[in-house]
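Here is a short report on one structure. Look at the pocket first, then at one helix and the strands beside it.

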Amino acid sequence: MSHTFHIPVLGLGYSIDTPLKIARYGISSTMSIVDDDLIERMRQYHAQLNGEAYVPIYKREEDARARRITQYLDLVGRLVASQFDMLKAMPFEAGNDLCRYFELLPENTRLRQGYDLMLEYPPGTQKTHFQNLLKSEMVPGAIDVNIMSKVDKMNYTATGESSGEQNTDALAALRGFAMSSLRSSVIMSAGMNPRLYSYLETFADFYPSADGQLRKKVILKVSDFRSAFIQAKFLAKKGIWVSEFRVESGLNCGGHAFATEGFLLGPILEEFKQKRQEMVNELFTGYQQALVEKGISCAQAPVQKLSVQGGIGTASENEFLLDHYQVDTTGWGSPFLLVPEVTNVDKETLQELEHASEEDYYVSGASPLGILFNNFKKSTSESLRLKRLENNHPGSPCTKKYLCTDTEFTEKPICTASREYQHLKLQQLAAADLPKNEYEQAYQNVVEKICLCEGLCASAYIKYDILKPRENKAVAICPGPNLAYFSRSYSLEEMVKHIYGTTDLLEKITRPHMFIKELNLYIDYLQRDLQSQLKELTDKKRKQLTKFKLQLQEGIGYYQTLFGDSASQTSQLFQDWVRELARSEAQLVGIKI
């Protein structure tokens, strides 16, 4: 592995073709495979752009969803391989893509140091041999995919009958990846889906080969050690190895936010660090036994990596996570929304992001899944939502139906962002004769929902000029709050150099440490939760909130010890962190439950 960071999945469309832009430079990234309509349109676009034949796969065809995904992943794999071969065939000439590959690497890596040394060699056979040696060690970045485990609606035939459990959205997406030619990983996010996890058993690529290699790997995105261990044990007993735990901050992240019960990122990583080897040993015992029952031998545990993402903003934070917690890689997501050559952000949205303030980023109830969602006030989807309310037309037309989960009013699930649902729900509220304040809160909870299926794809369609006539062009975007501190567009070089510490894009920016930022987000979350319960705070809820507060206090104690042990505690930056931590503690102590 050349780089020590990866780019996580960004919405539906923002990173849908990111590997085609950066994998040849050895940088790994993740594409969402939730929306097969988006995937099919991107397959058409990139096939035609690269002179490949495109044969459409229509929705009504057998196993269309899985086949669309397989075909797109195979196309991306072929194109990346071709790009990489072309890059390796280049001579070492200043300014070309081959030199760019090496110059993007961290300065302390063996490959980068070898490249720097090669440049000093005089022309001749020795230099040519050195260059060939460097090329032999080049590897492209991983082309990974993401499945939201619980976005798994049932699908129906034209006659209204269920198309079967293996054709639910998540299982069909997994089948699409499993049948592809990629040698990479599927990231399972948004919690455990036993049916989906069990389906992994049916694909040979997830089992070790005779030499112990896994052709396809499983990565779990998790928010705490306990849930990670439970999920990994479930999989190990089925002969499926978790090759990486991708730990994400519960609130200081982009996209959907899965708040923990007050567990903060630092203590969570500490628990992984302390128990990592013990976990590997226990998992391997169950894994090996399951493989034996399947007639597969495996002499030693496959590699199990640990990565972290969510709110990382400086090279010092990045380096600390790598060194102190011994993580293998760090994830940098939201900042890359400001790197146009890497992600698909349309010009209008990009300009709004460049000039946004902290107040423009907020945790909302906008997701139809009923999960907290990091939102952006200046998005065109939010503008459209408010305009529809002004015109007394709440809700969105529901065309894709990926997030249809509600059966309160209908036999078949519908989406809570849809016009159909919001019309029915608001009728129900109007008939309930609620007090004015209570009605207003309930009304806002209903109409806050936005269409993510279209909104999270629109930016890619706009950027590539492939919007269909009369297609909704309102853009939804879900950056983490960390993006507020980045204030312009950047090149790939600038962002990578920032990550590795050879330049500082936030040099004159006042910004809290990522751990303290997350702590403050949790304190705000606790206050909002308490405020919403004031009218009727049950004993059960009081106990839950008290436990939550206590967990945050324990986290603060951990950080006080951590900062106290810091070798750089005499620096001004360290002193600022200590003061910020003290202010956060005082705020937490002041919350009375």
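## The largest pocket

By class, 18 nonpolar, 17 polar and 9 charged residues line the largest pocket. Here Ala, Val, Leu, Ile, Met, Phe, Trp, Tyr, Cys and Pro count as nonpolar, Asp, Glu, Lys and Arg as charged, and the others, Gly among them, as polar. The pocket's volume is about 1300 Å³. Of its 44 lining residues, A142, R183, S184, K217 and K305 are the closest to the centre. Helix α3 gives the most to the lining, with 4 residues. Elements that give two or more are β1 (5-7), α3 (64-89), β3 (143-148), β5 (217-222) and β6 (242-248).

A pocket is an open set of points on a 1 Å grid over the protein atoms alone, where a 1.4 Å probe fits, with protein on both sides within 12 Å along at least five of seven lines; lining residues have an atom within 4 Å of a point. Its volume is the space filled by probe spheres set on the points, which are joined across faces, edges and corners.

## How to read the model

This is a predicted model, in which local features need pLDDT of at least 70 and side-chain atom pairs count only at pLDDT 80 or more, while totals for chains, interfaces and linings use all residues. Residues are numbered from 1 along each chain as its sequence is written, and side-chain values use heavy atoms, without hydrogens and water.

Helices (H or I, at least four residues) and strands (E, at least two) are DSSP runs, numbered from the N terminus.

## Helix α13

Helix α13 spans residues 380-390, and S381, E382, R385 and R388 in it are buried. Their directions from the helix axis to the C-beta atoms fall within an arc of 120°, so they line one face of the helix. K387 and E390, on the other side, are exposed. Buried means under 20% relative accessible area, exposed over 50%, partly exposed in between (1.4 Å probe, protein chains only).

The cover over the buried residues includes β9 (361-364), β10 (373-376), α14 (419-431) and α15 (436-447). Contact means heavy atoms within 4.5 Å. After α13 comes N392, with a positive phi near 60°.

## Strands β9 and β10

Strands β9 and β10 run antiparallel, joined by 4 bridges. Pairing takes at least two DSSP bridges. V363 lies in β9, and its bridge partner in β10 is N374. In β10, F373 and N375 point one way, N374 and F376 the other, and all are buried.

V363 counts as partly exposed because its relative accessibility is 23%. Leaving out residues up to four places away in sequence, V363 touches L372, F373, N374 and R528.
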